[in-house]
Amino acid sequence: MSVFVAKTGEDYILYNWILRYMWCNPLNDNIQMQPLKQRDKDGYSWDESNTYSVMADYNDKYVFENDKHLFVYKKKLYDEVQPIHKELVFYFNDHEFQELFDIINIYISKINEIYFLNDSFGVSRNIEFKAYLSNFTDYFIALDNIYFWANKENLNERQKAYHISRCFEDAHNSSEEIVDYISYWQVKLAISENDYNSIDPYTVPERATYKFEPTIPINPDGIEVDFNVEVELIEDRALHIFGTTNLFNHASLLINVRKQSGQLCGSNKASVMAGHFDFGIFNFKGNGYVAGLYFIEMSLSLPSIQPKLFQNKAGIEYENLKGPYVDRTVPMVKYRKEISVE
């Protein structure tokens with residue numbers, strides 16, 4: 001069971017849970033709870049944590065945004081994409097699918113831009129208003145998904161039309177919610193004509209960016225992190241990725257395999273034991289990798305989510321690790337390697 005304690009009323013706006021728990025049927029002998037610590041006489045097990053996080057201060061600086069700005073940002077993006085939406089619906093209803101696919105490919109860069117721009121704005125402190133704004137996000141996602149289904153391989157025209165129709169249905173439902181309450185929120189937020197004209201979603205003031213500041217100096221006797229990564233091309237053009245490192249045991253590593261374009265082609269985790277790690281076998285969507293250049297991106301995630309046995313040796317800020325692969329401004333350990341599949 002984990003308990004989240006809110007310092008202020010704003011702390012829980014970004015969370016959809018306050019309490020998490022698990023219950024196991026005591027009559028089922030096959031299910032046994034693993035105690036956190038030694039059980040007391042009543043069967044309870046407790047584990048005390050001495051860490052804390054002041055979320056309110058962080059959210060105020062890096063997350064929350066003025067409601068007037070949020071409304072105008074999203075409303076202007078919505079107005080901008082509406083003509084595109086209507087044009088796509090026109091071709092879809094006329095069953096001019098080739099024209100529809102051509103138009104989608106023309107407009108996708110603009111839809112993508114609006115989708116990502118909408119996602120970059122802050123969050124409202126008003127839970128009711130935050131729920132309303134989610135309709136804009138759902139609307140942009142639905143339109144962005146049309147491109148995905150239109151260009152989905154291994155689907156015939158009829159199957160593509162079905163999935164695209166679902167996207168239009170989702171966009172329509174979100175649009176209705178947006179329109180139904182636009183006037184309500186415009187009045188409630190007291191948005192004037194001057195507000196609307198002066199607020200521009202494309203010139204949003206740059207928000208403060210969180211940067212971790214190390215508080216513990218690097219240990220001069222820390223280890224210089226080193227990796228030796230092996231990539232073996234095996235049967236059916238699959239890849240076996242493994243290697244060695246001088247990291248302490250139990251280090252949890254994440255690896256991504258990407259094309260030059262940045263497309264993710266495989267991902268997995270591995271633990272370091274006795275200086276060795278093995279990420280197993282990789283293939284691309286069930287098939288072998290096509291010839292070309294790829295990048296391997298391997299990382300050691302934040303100390304706070306690493307196994308305690310490793311964290312105790314590496315340090316709570318990785319102060320016991322050093323070298324070119326260590327980035328203490330995160331803190332994180334990163335390794336990148338280019339490979340060629342022939």
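Contact here means heavy atoms within 4.5 Å. The model is predicted.

**Exercise 1. The chain as a whole**

Task: State how many helices and strands the protein chain has, and what share of its residues count as buried.

Solution. 
- Start with the elements. The protein chain holds seven helices and 12 strands.
- Turn to burial. The chain has 342 residues, and 35% of them count as buried.

**Exercise 2. The packing of α2 and α3**

Task: Work out how helices α2 and α3 are oriented to each other, and which residues meet.

Solution. 
- Two packed helices are described by the angle between their axes and the distance between the axes.
- Locate the pair. Helix α2 spans residues 67–93 and helix α3 spans residues 97–119.
- Read the geometry. The packing angle is about 165 degrees, and the axes lie 10 Å apart.
- Apply the cut-off. Angles over 145 degrees count as roughly antiparallel. Therefore α2 and α3 are roughly antiparallel to each other.
- The crossing of α2 past α3 is left-handed.
- List the contact residues. From α2 come K74, L77, E80, V81, I84, E87, L88, Y91 and F92. They meet F97, E99, L100, I103, I104, Y107, K110, I111, I114, L117 and N118 in α3.
- Sort these residues by type. The contact of α2 with α3 has 14 nonpolar, one polar and five charged residues.

**Exercise 3. A three-stranded sheet**

Task: Give the strand order of the open sheet of three strands, and find the bridge partner of F242 in β8.

Solution. 
- Strands of a sheet pair through backbone hydrogen bonds, either parallel or antiparallel.
- Write the order. The open sheet runs β4-β5-β8, with antiparallel pairing.
- Identify the edges. These are β4 (227–233) and β8 (276–282), each of which pairs on one side only.
- Note the twist. From one strand to the next, the twist averages 15 degrees.
- Look at one pair. Strand β5 covers residues 239–245 and pairs with β8 in the antiparallel sense over six bridges.
- Pick out the residue. F242 has D278 as its bridge partner in β8.

**Exercise 4. N145**

Task: Decide whether N145 counts as buried, partly exposed or exposed, and give its C-alpha distance to N112.

Solution. 
- N145 sits in helix α4 (residues 127–150).
- Use the cut-offs. Buried means under 20% relative accessible area and exposed means over 50%, with partly exposed in between. N145 has 30% relative accessibility, so N145 counts as partly exposed.
- Compare sequence and space. N145 and N112 are 33 residues apart in sequence, and their C-alpha atoms are 9.9 Å apart.

How values were computed: Residues are numbered from 1 along each chain as its sequence is written. This is a predicted model: local features need pLDDT of at least 70, side-chain atom pairs count only at pLDDT 80 or more; totals for chains, interfaces and linings use all residues. Side-chain values use heavy atoms; hydrogens and water are left out. Two strands pair if DSSP finds at least two bridges between them. Helices (H or I, at least four residues) and strands (E, at least two) are DSSP runs, numbered from the N terminus. Axes are lines fitted to C-alpha atoms, for helices over the stretch in contact, and angles run from 0 to 180 degrees between N-to-C directions. Angles under 35 degrees count as roughly parallel, over 145 as roughly antiparallel, 65 to 115 as roughly perpendicular and the rest as oblique. A crossing is left-handed if the near helix is turned anticlockwise from the far one by less than a right angle, and right-handed if clockwise. Ala, Val, Leu, Ile, Met, Phe, Trp, Tyr, Cys and Pro count as nonpolar, Asp, Glu, Lys and Arg as charged, and the others, Gly among them, as polar. Buried means under 20% relative accessible area, exposed over 50%, partly exposed in between (1.4 Å probe, protein chains only).
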